[in-house]
There are 2 protein chains.
Amino acid sequence: MSIQSVQRAVAILRCLSGSRRLGVSELSEQLELAKGTIHGLLSTLRDEGFVEQDADTGKYQLGHALLELGTSYLDVNELRQRALARADWLAQKSQCSVRVAVLRGGNALIIHHVFRPDNSLQILEVGSNLPLHATALGKALVAQAGLEPRVWPRLTKNTQTDNAKLEAELQLTREQGWALEAEEAVLTEAGVAAPIFDRKQEVIGSIGISGAVRELLIDDAPKAELVQLVLEAARHISRELGARLLG
Amino acid sequence: MSIQSVQRAVAILRCLSGSRRLGVSELSEQLELAKGTIHGLLSTLRDEGFVEQDADTGKYQLGHALLELGTSYLDVNELRQRALARADWLAQKSQCSVRVAVLRGGNALIIHHVFRPDNSLQILEVGSNLPLHATALGKALVAQAGLEPRVWPRLTKNTQTDNAKLEAELQLTREQGWALEAEEAVLTEAGVAAPIFDRKQEVIGSIGISGAVRELLIDDAPKAELVQLVLEAARHISRELGARLLG
DNA sequence: AAACAGTATTCGACATTATCGAACACAGAC
DNA sequence: GTCTGTGTTCGATAATGTCGAATACTGTTT
């Protein structure tokens with residue numbers, strides 16, 4: 001049994017997430033609900049801090065409470081807790097940007113991000129969704145379970161969009177225990193990632209490094225010492241989560 | 001008027017935000033509500049991705065949708081916030097009026113406006129809607145996604161109303177990375193604009209300069225240094241928003 | 001200046017909808 | 001085996017949220 005008004009409140013938030021700022025009438029039209037209904041939902045969401053109302057125009061946009069609960073979600077996540085220390089360690093050892101991802105809704109959701117340890121301008125990617133077929137983190141996440149054949153978007157000229165070849169690549173990933181991505185999502189950038197297991201020996205996340213091609217690869221193959229570092233980090237976190245790994 | 005079930009759903013999220021993981025009974029006790037009520041709310045929240053249920057224990061914790069909406073909240077304010085400084089910079093460098101727009105409801109909505117730095121009488125255009133087919137800001141907004149063929153209003157004798165020619169112009173915009181408008185909306189006025197990307201590599205806005213034809217154009221082409229300034233401003237804001245640009 | 005077209009908001013009647021509480025199924029402990 | 005805990009299902013009840021018209025307000029147009 002689903003509660004209608006909660007569903008509708010969520011639908012409003014999703015609409016606001018798409019567009020930047022919407023009014024009662026626009027939402028009423030988009031969701032095909034009476035203006036009074038929308039207004040009631042919006043004003044309770046406003047009281048709770050889930051949306052904010054522009055003082056001038058009266059229009060609504062997303063509110064701060066979502067950000068607070070969003071970061072709270074990160075705190076709750078057990079994988080993230082365990083990964084914090086190891087991610088720092090990996091960033092120091094590899095001198096690369098480190099990211100930790102989980103599988104959520106057909107994407108790789110970034111739940112932790114450590115900047116490359118130089119002082120360059122970088123942006124926190126926590127909360128971003130990455131495609132599964134064109135990132136090392138994504139491949140590491142789904143290598144065990146496999147991927148349903150579908151039409152994959154082409155992001156660069158190197159993006160693998162053929163389901164058979166993708167499956168072959170996932171099998172290689174499964175066998176060697178780590179995943180590679182070379183300019184498949186963004187030109188000039190590459191990544192190496194490995195899966196993280198829980199106590200049920202199931203993949204619950206992945207950790208990986210990313211950076212410029214020339215820093216990670218030699219002759220289209222990742223530097224061996226970097227692969228070892230990633231694997232070591234992933235195995236360490238897996239053990240902390242209760243996984244019993246072979247070897 | 002406040003909607004009870006939404007308030008209760010939020011209360012559940014707040015409880016879960018405090019504790020790490022809670023069950024139906026615990027929540028029922030804390031919020032003094034029947035277990036069935038809590039269960040109904042929780043299962044709709046689960047379907048929406050706002051909470052996740054542990055497969056083993058059946059207990060609930062916060063879900064990934066909160067993180068996604070939370071980062072979405074950041075994006076809403078970030079575009080305007082990041083654009084503020086760069087818009088001033090662009091106005092100083094170009095000595096032109098600068099405007100920042102987002103796509104909303106089939107129009108280019110102005111969300112920021114810096115006057116031409118010359119003390120002349122000008123009108124604040126924030127909040128006004130510009131047509132997509134006859135403005136540089138509009139073309140920059142829709143060049144990536146394309147435009148549905150429709151009947152466009154003719155604003156001046158130079159307004160492009162032919163769908164095929166408009167599409168060709170958008171393709172040119174896409175290829176060169178910036179858009180031009182010359183007396184298509186208002187006679188004697190021209191504009192140059194470039195798209196702003198977010199971390200999903202999607203166009204979330206555009207920034208551009210506008211002014212008299214004789215100030216912006218030479219022989220029907222925009223001055224090269226002005227185009228470079230606009231591109232530099234747009235790229236700078238995009239990078240600050242997390243976009244990873246090619247080249 | 002006045003009528004207009006937009007807003008967001010309020011309000012009351014209606015019946016849809018969420019609530020309650022008991023009964024259920026399953027798990028682990030003793 | 002019982003017992004106590006869990007999360008879940010179900011049906012009767014009325015409280016609740018919904019609708020749509022009416023409102024107040026703002027800015028624009030005539």
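Start with A:Arg150: its charged end sits over the ring of A:Trp152, 4.2 Å from the ring centre. The rule for this is NZ of Lys or CZ of Arg within 6 Å of the ring centre and within 35 degrees of the ring normal. A:Arg86 does likewise over A:Trp89, at 4.5 Å from the centre.

A word on the source. This is a predicted model, where local features need pLDDT of at least 70 and side-chain atom pairs count only at pLDDT 80 or more, while totals for chains, interfaces and linings use all residues. Residues are numbered from 1 along each chain as its sequence is written, chains are lettered from A and ligands numbered from 1 in the order in which they are written, and side-chain values use heavy atoms, with hydrogens and water left out.

Now the interface. Chain A brings 55 residues to the contact and chain B brings 50, contact meaning heavy atoms within 4.5 Å. About 4600 Å² is buried between the two chains, with carbon and sulfur atoms giving 63%; buried area is the accessible area (1.4 Å probe) that two parts lose on being put together, summed over both. A:Arg20, A:Leu69 and A:Val76 supply 15% of what chain A buries against chain B, more than any other three residues.

How many salt bridges cross the interface of chain A and chain B? The rule finds three, taking a side-chain nitrogen of Lys or Arg within 4 Å of a carboxyl oxygen of Asp or Glu. A:Arg14 and B:Glu48 meet in a salt bridge at 3.0 Å, N to O.
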